[in-house]
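Hi,

Here is the structure I promised to pass on. Have a look at it first, and my notes follow below.

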Amino acid sequence: MLRPDRNSDRGIQKWQGFFLSEHSEQMEQEQQHDAWLEEMSAESIQEVLALGLLHQRLLVFQLKPKQDDRTDRYPEPLMKGYLRGSEGERLLVQTNQGIQQVNVSDIHHVHCEERVQKWYT
């Protein structure tokens with residue numbers, strides 16, 4: 001009857017702990033990034049933009065990656081702001097950092113942020 005070597009069991013446990021900590025670290029890094037939202041058609045984007053401008057709703061933008069076709073890249077942080085106007089294909093979006101210019105063709109996803117219901121009236 002073969003007996004397991006105690007030293008090899010300890011070695012396996014040691015390496016499993018190492019891989020587990022590395023995996024946990026990678027998972028934490030992935031959670032810090034936004035996930036890619038569903039890509040929208042040009043018509044859907046135009047509808048949301050029109051709704052946001054008409055009702056002055058807070059819009060949330062996710063932009064396409066810049067000049068990098070790698071799909072494993074994380075998206076840029078979401079941009080939130082109010083649509084203030086447009087100049088051709090360029091939108092003027094009022095954010096906390098001031099007026100930002102966004103090309104319509106650079107928009108991957110946009111939606112109106114839900115309004116928070118007041119608990120009092």
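The lining of the second largest pocket draws at least two residues from each of β2 (79-87) and β3 (90-95), with β2 the top contributor at four. Strands here are DSSP runs of E with at least two residues, and helices are runs of H or I with at least four, numbered from the N terminus. A pocket is an open set of points on a 1 Å grid over the protein atoms alone, where a 1.4 Å probe fits, with protein on both sides within 12 Å along at least five of seven lines; lining residues have an atom within 4 Å of a point.

This one has a volume of about 170 Å³, counted as the space filled by probe spheres set on the points, which are joined across faces, edges and corners. Among its lining residues are Leu58, Met79, Lys80, Tyr82 and Gln100. By class, the lining comes to six polar, three nonpolar and one charged (Ala, Val, Leu, Ile, Met, Phe, Trp, Tyr, Cys and Pro are nonpolar, Asp, Glu, Lys and Arg charged, the others, Gly among them, polar).

Before you zoom in: this is a predicted model, where local features need pLDDT of at least 70 and side-chain atom pairs count only at 80 or more, while totals for chains, interfaces and linings use all residues. Residues are numbered from 1 along each chain as its sequence is written, and side-chain values use heavy atoms, without hydrogens and water.

On confidence, pLDDT (the predictor's confidence in each residue, from 0 to 100) averages 79 over the chain, and 62% of the residues score at least 70. Where pLDDT is low, the predicted coordinates should not be read in detail.

As for the fold, the chain has two helices and five strands, in the order α-α-β-β-β-β-β from the N terminus.

His109 sits in strand β5 (residues 107-112) and counts as buried because its relative accessibility is 14% (buried is under 20% relative accessible area, exposed over 50%, partly exposed in between, with a 1.4 Å probe and protein chains only). Its side chain makes a polar contact with that of His111 at 3.3 Å (a pair of N or O atoms within 3.5 Å; within protein, one must be able to donate a hydrogen and the other to accept it, and residues adjacent in sequence count only if both atoms are side-chain atoms).

Gln56 lies in the loop between α2 (42-55) and β1 (59-63). Gln56 has a positive phi of about 50° despite not being a glycine, and is partly exposed at 33% relative accessibility.

Cheers
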